[in-house]
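Subject: A structure for you

Hello,

Here is the structure I promised to pass on. Please open it alongside this note, and my findings come after it.

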Amino acid sequence: MANAARTDLAAEAQRLWSQTEKGGRLPAGVCVREEELHGLPVQAVEIRSPEAGRVLGKAPGHYYSLLLPGHTGRGSADFERSVSALRELIARCLDAQPRTVLAAALGNPDITPDALGNLTAGLLLVTRHLKRESPADFASFASVALCRPGVLGTSGIESAAQVKLLCAALKPELVVVVDALAGCEAEGLGRTVQVSDAGLAPGSGVGNDRPELSRASLGVPVLTLGMPTVIDAGLFGGEALGQMFVTPRSIDTLVRDGARVIAYALNLALHPGLTIPDVDALVS
């Protein structure tokens, strides 16, 4: 991609590329549309070929960027519609309703901008052991297992390697990956949730590419969810700041609220029949 700005978001990558082209035309093999779900704006980007993916620096697949309202805490009026919109986008990325799921919460829980995965994990309904022990009582639930691989610097093991080993042992029908992302548009930090079926290369947005988690590498469909929490400081200050990333002052609140929206949407999508009050009761 001609523009040097780093972003994990396909919608931002598409806008960056279009800004360099006369008339803002799209790359061949890329389809973009805008819509609203529950009153919230969504940009859908479909990358239809490896060649188009190389142009944007993203793998082929479907990408949905949902812009959340300014306040999405559990007590806010916008929480329910945020969860409902995200749940619908998750459903679009699923080949079928999965019966067995492995969720992987990536990132470093000790660094606030990188704690999205860990905070989401704390609100997910983990049911694999319950279905094995009381199958009749949990017949309507999917079997969900959870892992928190951490980061290479603290575990000494690549996240992709850990997830691949667990896939071999558990044989899930779906892998769900949640991770913090890097963006290039300040207004989207802590407010945009990207949902995709194209897999994820952890750290790619900050120039620290790790082995990917995708259908090709794991052998099963992969659903990814993420939120941009940092932006390249070089976009504001030139070369002197080119090795730095900045994050919003309110990142702790943004990450906590975003994780709750993501977790609730996942719980509703993976366990049909549940409501938001049901999830409140089960995760409290």
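First, the ground rules. This is a predicted model, in which local features need pLDDT of at least 70 and side-chain atom pairs count only at pLDDT 80 or more, while totals for chains, interfaces and linings use all residues. Residues are numbered from 1 along each chain as its sequence is written, and side-chain values use heavy atoms, with hydrogens and water left out.

The cavity: the structure holds one of 30 Å³ or more. By cavity I mean a set of points, on a 1 Å grid over the protein atoms alone, where a 1.4 Å probe fits but cannot get out; lining residues have an atom within 4 Å of a point. Asp179, Leu181, Gln194, Leu200, Thr224, Leu225 and Gly226 form the lining. Strand 8 (222-232) and strand 6 each supply at least two of the lining residues, and strand 8 gives the most, with three. Strands (E, at least two residues) and helices (H or I, at least four) are DSSP runs, numbered from the N terminus.

The helix: eight of the 10 residues of helix 1 (residues 10-19) are buried, where buried means under 20% relative accessible area, exposed over 50% and partly exposed in between (1.4 Å probe, protein chains only). Among the buried ones are Glu12, Gln14 and Trp17. Their cover includes strand 1, strand 2, helix 2 (50-56), strand 3 (61-67), strand 6 and strand 7 (192-196), counting contact as heavy atoms within 4.5 Å.

Histidine 38 sits in the loop between strand 1 (30-37) and strand 2 (40-47) and is partly exposed, at 38% relative accessible area. Lysine 171 also has a positive phi near 50 degrees; its loop runs between helix 7 (159-170) and strand 6 (174-183). Lysine 171 is exposed, with 62% relative accessibility.

The cysteines: how many disulfides are there? The count is zero, a disulfide being a pair of cysteine sulfur atoms within 2.5 Å. For cysteine 93, the nearest cysteine sulfur belongs to cysteine 31, 14 Å away. Cysteine 93 is buried at 8% relative accessible area, and cysteine 184 is buried at 12%.

Best wishes

Conventions:
On a 1 Å grid over the protein atoms alone, a cavity is a set of points where a 1.4 Å probe fits but cannot get out, and a pocket is an open set with protein on both sides within 12 Å along at least five of seven lines; lining residues have an atom within 4 Å of a point. Grid points are joined across faces, edges and corners, and a volume is the space filled by probe spheres set on the points.
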